[in-house]
Amino acid sequence: MAHYFEERPEVAGRPGSVTLVLPDLHLRLETDSGVFSPERVDQGTRILLESVPAPPSRGDLLDLGCGYGPIALTMASRAPEANVWAVDVNRRSVELCARNARAASLGGVRALHVDEVPPEVRFSAIWSNPAIRIGKAALHEMLTRWLSRLTPDGVAHLVVQKHLGSDSLQRWLNERGWPAERAASRSSYRILRVGARADAPGDG
């Protein structure tokens with residue numbers, strides 16, 4: 001069975017579309033089988049986008065696990081002068097995100113495979129509905145890789161379901177040196193606000 005966190009889903013394509021409606025944004029997004037939540041914008045993603053403060057207006061922002069792009073496109077709409085890096089391991093998702101950004105005329109979105117982001121880029125904001133189902137070890141490895149690239153004053157916002165381990169993830173983050181607090185709670189979802197570690201690299 002194909003999973004949305006595979007690099008090249010083997011499931012046959014089944015194109016579709018979903019609507020993302022927020023107070024400040026209304027987008028029609030292309031979707032396909034083999035990507036995350038192709039039938040509708042996931043509730044956790046919607047709660048994240050309705051809860052987080054506005055991203056920094058400039059600089060480099062990251063959508064970690066972009067799927068077909070609802071988070072990245074929202075970031076780009078709210079911060080049109082920023083560079084929004086939309087990354088995913090799933091190449092079908094990356095292509096969909098790129099097409100959706102072009103269709104919405106959001107030129108600040110750079111949709112890439114996770115291994116294609118230049119190593120020197122540091123992020124002032126990370127928004128993510130992380131792939132919890134990849135397993136705890138893989139999740140921790142992924143978060144370590146990307147949270148380590150926050151700027152010293154950078155902030156990440158992660159949405160995690162309570163029953164999928166939001167509280168234990170918050171504890172793990174704090175134990176690893178990333179100050180994490182619950183910024184919002186709605187339905188069964190928690191929004192975790194995560195700051196950079198004290199040893200975060202500066203701009204040079």
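Analyst: UniProt positions are given in the numbering used here, feature names are shortened, and annotations may be inferred rather than shown by experiment. The unreviewed UniProt entry places "domain: Methyltransferase small" at residues 27–192. This is a predicted model: local features need pLDDT of at least 70, side-chain atom pairs count only at pLDDT 80 or more, and totals for chains, interfaces and linings use all residues. Residues are numbered from 1 along each chain as its sequence is written, and side-chain values use heavy atoms, leaving out hydrogens and water.

User: Why is serine 124 called buried?
Analyst: Buried means under 20% relative accessible area, exposed over 50%, partly exposed in between (1.4 Å probe, protein chains only). Serine 124 has 18%, so it is buried.

User: What does serine 124 touch, not counting residues up to four places away in sequence?
Analyst: Contact means heavy atoms within 4.5 Å. Serine 124 touches Pro56, Arg58, Asp60, Leu61, Thr151, Gly154 and Val155. Valine 155 is 31 residues from serine 124 in sequence, yet 6.3 Å away in space, C-alpha to C-alpha.

User: In which strand is serine 124 found?
Analyst: Serine 124 is in E6. Strands (E, at least two residues) and helices (H or I, at least four) are DSSP runs, numbered from the N terminus.

User: How do you know that E3 and E6 pair?
Analyst: Two strands pair if DSSP finds at least two bridges between them. E3 (residues 60–64) and E6 (residues 123–128) have four bridges, in the parallel sense.

User: What makes E5 and E8 edge strands?
Analyst: The open sheet runs E5-E4-E3-E6-E7-E9-E8, with mixed pairing. E5 (109–113) and E8 (180–186) each have a single partner strand, so one side of each lacks a neighbour in the sheet.
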